[in-house]
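Colleague: Before we talk about any details, could you show me the sequence and the model, and then take me through the words used to describe them?

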Amino acid sequence: MNIEAIMQTAPVIPVLVIEDAATARPLAEALVKGGLRVLEVTLRTGAALEAIAEMKKVEGAIVGAGTVVNTEQFEQVMKADAEFIVSPGLTDRLGDAITRSGVPYLPGVANAGDIMRGLDLGLTHFKFFPAETSGGLKALKALAAPFYQCKFCPTGGISAATAPEWLAFDPILCVGGSWVTPKGASYEQVETLAREAASLKG
């Protein structure tokens with residue numbers, strides 16, 4: 001499955017910070033049941049690698065690693081069988097290692113220089129991050145014009161209320177968000193939020 005197919009699986013990719021690996025599998029089950037199959041587990045906690053392995057046990061889940069910032073982390077998540085990689089930015093060293101591996105990759109970009117670096121590596125699909133503080137939809141529309149061949153997944157500051165406006169812009173295939181897994185929510189609540197997110201249209 002290539003990165004475009006992953007991005008087109010659902011309109012929202014949950015961005016997950018897992019503190020306890022024991023919660024990973026039931027959380028993934030709730031999200032997948034609600035219709036969100038693509039799950040980004042960020043490497044912001046010590047439980048992340050185990051969480052990826054646990055979530056991969058859920059039928060239908062497509063589990064990737066987020067917040068990958070160097071080649072060492074890339075090697076770690078590949079050992080955990082991550083199915084795609086997301087990074088908050090793009091460096092030549094990391095980008096080259098990931099593109100050579102062939103694993104689907106969604107690097108973060110915030111300006112024209114970032115996108116051009118990605119294009120040099122043969123990449124055309126990007127995470128626009130941090131979306132709201134980088135100028136929001138207005139900024140992405142301006143950036144997308146000269147880079148007509150590129151597709152985007154804006155992430156950072158997007159909510160259930162603002163997602164439809166982003167999704168209405170054609171170069172955007174999906175959005176990333178953490179609102180589907182609010183702190184303290186039950187798995188039933190997460191499933192409901194996932195179902196609402198999965199039905200979002202632009």
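Modeller: Let us begin with a definition: a residue is called buried if its relative accessible area is under 20%, exposed if over 50%, and partly exposed in between, with a 1.4 Å probe and protein chains only. This is a predicted model, in which local features need pLDDT of at least 70 and side-chain atom pairs count only at pLDDT 80 or more, while totals for chains, interfaces and linings use all residues. Residues are numbered from 1 along each chain as its sequence is written, and side-chain values use heavy atoms, with hydrogens and water left out.

Colleague: Why is Trp166 called buried?

Modeller: Trp166 has a relative accessibility of 2%, and the limit is under 20%, so Trp166 counts as buried.

Colleague: How many aromatic pairs does a search of the whole structure find?

Modeller: The search finds 2 aromatic pairs, where rings of Phe, Tyr and Trp (its six-membered ring) pair if their centres lie within 6.5 Å, and planes under 30 degrees apart count as stacked, over 60 as edge-to-face and the rest as tilted.

Colleague: What makes the pair of Phe126 and Phe152 tilted?

Modeller: The ring centres of Phe126 and Phe152 are 6.3 Å apart and their planes stand at 35 degrees, so this pair is tilted. Phe126 is in strand β6 (residues 125-128) and Phe152 in strand β7, so the pair ties together parts 26 residues apart in sequence; strands (E, at least two residues) and helices (H or I, at least four) are DSSP runs, numbered from the N terminus.

Colleague: Which aromatic pair does Trp166 form?

Modeller: Trp166 pairs with Phe128, and this pair is tilted, at 6.4 Å centre to centre and 50 degrees between the planes. Because Phe128 lies in strand β6 and Trp166 in helix α8, the pair ties together parts that are 38 residues apart in sequence. Phe128, at 0% relative accessibility, counts as buried.

Colleague: Why does Thr155 count as buried, and where is its place?

Modeller: Thr155 has 8% relative accessibility, so it counts as buried, and its place is in the loop between β7 (151-152) and α8 (163-167). Leaving aside neighbours within four places in sequence, Thr155 is in contact (heavy atoms within 4.5 Å) with several residues, among them Val15, Phe128, Pro130 and Gly176.
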